[in-house]
Amino acid sequence: MKYYNLKDREEKIDFKTATIKGQGKSKGLFFPESIPPFKEEFIQNLNQYSDEEIAYQCMKDFIGDEIPSEVLKKIVSETISFEIPLRKINEDISVLELFHGPTLAFKDIGAGFMSRCLSYFLENQQKDVTVLVATSGDTGGAVAHGFYDLPGIDVVILYPKNRVSPVQEKQLTVLGKNIYALEVNGSFDDCQSLVKQAFSNEEINNQLFLTSANSINIARWLPQQIYYLLALKQWQQTENKAPVICVPSGNFGNICAGVLAHLRGLPVEHFIAACNANNVIPEYLETQNFNPKKAIATLSNAMDVGDPSNFVRILELFNNEFEPLKNKISGYSIDDSKTIQTIEKVYNTEHYILEPHSAVAFVALGQYLKDNPGKKGFILGTAHPVKFPDAVENAIKAKIEIPQSLNTLMKKEKKTVEINPDFEELRRFLLDKN
């Protein structure tokens with residue numbers, strides 16, 4: 001399998017190179033040269049396969065012989081080594097709980113897969129590698145955990161000051177050793193812009209072996225298909241119609257992976273991109289005008305993205321044709337007030353605790369199902385409610401039970417370097433830390 005640069009289609013590289021480079025010339029994202037279909041028998045009989053075999057079948061064609069099959073099987077097995085249950089909230093809406101991993105967020109899957117692939121590829125690498133990543137919330141903790149204390153790899157995480165939850169901040173700032181956290185006086189978009197500038201800076205790339213662990217990296221993006229397959233395996237046990245899938249959406253890597261799996265043969269009735277006040281994509285789906293904006297801070301902070309990087313991949317999946325895209329994906333924008341009301345209502349009526357991101361998705365899916373009677377679906381639960389205690393506890397008027405692992409974490413002192421959204425400050429830090 002080769003991967004081409006969406007901004008320079010002449011640049012074609014293999015999976016290993018794409019994983020290590022992160023992005024291509026002119027800050028372009030890599031995209032698979034072909035989309036390998038699932039066998040119909042495989043999709044129709046998912047219940048006959050173990051979760052590990054499903055994950056392996058999902059990923060093997062994207063990697064080919066670049067990772068031996070036995071090594072890849074070990075990688076995917078470790079990647080999904082925790083529960084990923086599909087639970088009913090009510091008769092029409094279920095939730096795929098993706099927050100049972102080590103950092104209580106869906107990004108444990110992508111970050112876990114990528115860190116293991118990168119470690120394999122760099123086993124005999126002479127030069128140390130710097131993983132540079134921007135986070136709006138959960139990516140930072142997942143990446144920090146995935147790469148912590150790995151020899152020959154430093155991780156530099158940029159996050160927006162005062163725009164991540166206390167748990168999220170602790171997860172990416174307390175580890176130390178090879179993990180460096182930069183607290184940026186700005187938004188996630190500022191953080192992401194700084195990262196992109198670093199990757200295109202000749203001086204930095206001459207001195208450092210730089211790669212990324214954001215969802216712009218194919219090794220972070222592609223494995224997210226796995227949990228859509230695991231969800232379908234569970235869905236097929238009780239339902240005979242394809243589901244409507246609603247994804248809390250910020251940088252759009254998550255829903256993009258779902259669409260990719262669908263185009264390979266995963267049966268999906270419809271996709272919903274559930275957004276908060278950062279409504280660039282819902283507006284695009286209404287007007288066909290793509291107008292990036294400055295990110296707005298909300299309760300669902302991991303979705304506070306005004307210029308979603310992965311949307312270009314969604315456009316590519318639909319050959320940049322608007323009508324097929326609009327027919328398969330709907331967009332909704334849900335404000336903080338409705339988010340809080342929903343957390344309270346679902347807790348009181350269904351005895352289920354949503355956090356802000358899944359609450360946004362619950363509202364969006366509910367609105368779609370109301371307009372399209374007879375359909376059912378599920379939302380993606382992307383983070384544990386304990387990561388957003390203020391919003392959730394204020395809504396449900398009760399305390400959330402904190403896992404013991406978090407009690408220990410919250411007592412640790414954060415280690416950060418504060419910078420402005422100024423590339424010169426990032427450049428100096430990257431070059432001086434070595």
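Colleague: With which side chain does the side chain of Glu11 make a polar contact?

Modeller: This is a predicted model, in which local features need pLDDT of at least 70, side-chain atom pairs count only at pLDDT 80 or more, and totals for chains, interfaces and linings use all residues. Residues are numbered from 1 along each chain as its sequence is written, and side-chain values use heavy atoms, leaving out hydrogens and water. A polar contact is a pair of N or O atoms within 3.5 Å; within protein, one must be able to donate a hydrogen and the other to accept it, and residues adjacent in sequence count only if both atoms are side-chain atoms. At 2.8 Å, the partner of the Glu11 side chain is the side chain of Lys21.

Colleague: Which backbone nitrogen does the side chain of Glu11 reach?

Modeller: Leaving out residues up to four places away in sequence, Glu11 touches (heavy atoms within 4.5 Å) Tyr3, Tyr4, Asn5, Lys21, Gly24, Lys25 and Phe30. One of these has its backbone nitrogen 2.9 Å from the Glu11 side chain, and that residue is Lys25.

Colleague: Is Glu11 buried or exposed?

Modeller: Glu11 sits in strand S2, residues 8-14; helices (H or I, at least four residues) and strands (E, at least two) are DSSP runs numbered from the N terminus. Buried means under 20% relative accessible area, exposed over 50%, and partly exposed in between, using a 1.4 Å probe and protein chains only. With a relative accessible area of 7%, Glu11 is buried.

Colleague: Why is helix H11 largely enclosed by the rest of the structure?

Modeller: H11 covers residues 225-235. Its buried residues are Gln225, Ile226, Tyr227, Tyr228, Leu229, Leu230, Ala231, Leu232, Lys233 and Trp235.

Colleague: Which element gives the largest share of the lining of the largest pocket?

Modeller: A pocket is an open set of points on a 1 Å grid over the protein atoms alone, with protein on both sides within 12 Å along at least five of seven lines; lining residues have an atom within 4 Å of a point. The largest one holds about 400 Å³ of space and is lined by 20 residues, with Asn90, Ile93, Lys345, Phe362 and Gly366 nearest its centre. At least two lining residues each come from helix H16 (336-350) and helix H17 (356-371). The largest share, seven residues, is from H16.

Colleague: What is the volume of the largest cavity?

Modeller: A cavity is a set of grid points where a 1.4 Å probe fits but cannot get out. Grid points are joined across faces, edges and corners, and a volume is the space filled by probe spheres set on the points. The structure has six cavities of 30 Å³ or more. For the largest, the volume is about 270 Å³.

Colleague: Which residues lie closest to the centre of the largest cavity?

Modeller: Helix H6 (138-147), strand S10 (244-248) and helix H12 (253-263) each give two or more residues to the lining of this cavity, with three from H12 as the largest share. Of the 28 lining residues, the closest to the centre are Phe106, Lys107, Gly250, Asn251 and Ala302.

Colleague: How many disulfides are there?

Modeller: A disulfide is a pair of cysteine sulfur atoms within 2.5 Å. The sulfur of Cys191 is 19 Å from the closest cysteine sulfur, in Cys275, too far for a bond. Cys256 is in no disulfide either, as the nearest cysteine sulfur, that of Cys58, is 13 Å away. By this rule the count of disulfides is zero.

Colleague: What is the phi of Asn162?

Modeller: Asn162 belongs to the loop between strand S7 (153-160) and helix H7 (166-173). Asn162 is exposed, at 68% relative accessible area. Although Asn162 is not a glycine, its phi is positive, about 65°.
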